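Open the model in a viewer and keep the sequence beside it. The tour below goes from one selection to the next.

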Amino acid sequence: MSVPRPLADIAFDGLELELPTPADTEALGERIGAELSAGDVVLLSGPLGAGKTVLARGIGRGLGVLGAITSPTFVLAREHPPAPGGRGVTLVHVDAYRLGGRAELDDLDLDTDLREAAVVVEWGEGLAEALAGRHLLVRLRRRDDDSRVATVVRVGPS
Ligand SMILES: Nc1ncnc2c1ncn2[C@@H]1O[C@H](COP(=O)(O)OP(=O)(O)OP(=O)(O)O)[C@@H](O)[C@H]1O
Ligand SMILES: [Mg+2]
């Protein structure tokens, strides 16, 4: 999969962000979604329950897309078309946990051309190179007090 245009400039690239509540995680996603363009790829990594789907939900809100964003564990990928008044970009939400790699992602046979969508992949670390030379990586981790910390890194050639 190629990325035809540069990933948006994310102002908080490289930062560690404290996310005390799910609402904070969703708000971070909303900020990311508001910056994304067609062809952008965002990888969400972190253990089970880290908040990847919550973050993806925020990204969907920031983009302005239709359909509830829930865990795609049993469907591998869901397409969310743009909502009226949104940014006009389809969101493809993938759970890569069971995907072997690029070949399988290409084989998903989605209606949407991935170059024309913003693609958010849960559990994507390790598939990064196969997906896109350039992407945004958000790592989520859970603290003992159950709060979350996110690190946001832009990966690939600038
Ligand atoms: N600060 C926080 N940010 C995000 N989620 C939080 C936070 N605090 C508690 N939670 C809870 O943790 C859970 C995160 O679930 P979520 O489905 O987003 O995780 P996930 O990383 O997608 O898991 P999976 O690996 O199963 O896909 C939710 O129930 C959410 O309410
Ligand atoms: Mg999930």
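Two strands pair if DSSP finds at least two bridges between them. Helices (H or I, at least four residues) and strands (E, at least two) are DSSP runs, numbered from the N terminus. This is a predicted model, in which local features need pLDDT of at least 70 and side-chain atom pairs count only at pLDDT 80 or more, while totals for chains, interfaces and linings use all residues. Residues are numbered from 1 along each chain as its sequence is written, and chains are lettered from A and ligands numbered from 1 in the order in which they are written.

**The sheet.** Select β2 (residues 41-45) and β5 (residues 117-122): these strands run parallel and are joined by four bridges. V41 has V119 of β5 as its bridge partner. Now show the open sheet of seven strands, whose order is β1-β7-β6-β2-β5-β4-β3, with mixed pairing. At its edges are β1 (16-19) and β3 (77-80), each pairing on one side only.

**Two helices.** Angles run from 0 to 180 degrees between N-to-C directions, and axes are lines fitted to C-alpha atoms, for helices over the stretch in contact. Contact here means that the C-beta atoms of two residues, placed from the backbone, lie within 7 Å.

How do the axes of α1 and α2 cross? They come within 6 Å and cross at roughly 45°. That makes α1 oblique to α2 (under 35 degrees counts as roughly parallel, over 145 as roughly antiparallel, 65 to 115 as roughly perpendicular and the rest as oblique). Among the residues that meet are P22, T25 and L28 in α1 and V54, L55 and I59 in α2.

**The ligand.** Finally, select ligand 1. It is surrounded by 19 residues, the closest being T25, G51, K52, T53 and V54; near means a C-beta atom, placed from the backbone, within 6 Å. α1 (22-33) and α2 (52-63) each supply at least two residues of this shell.
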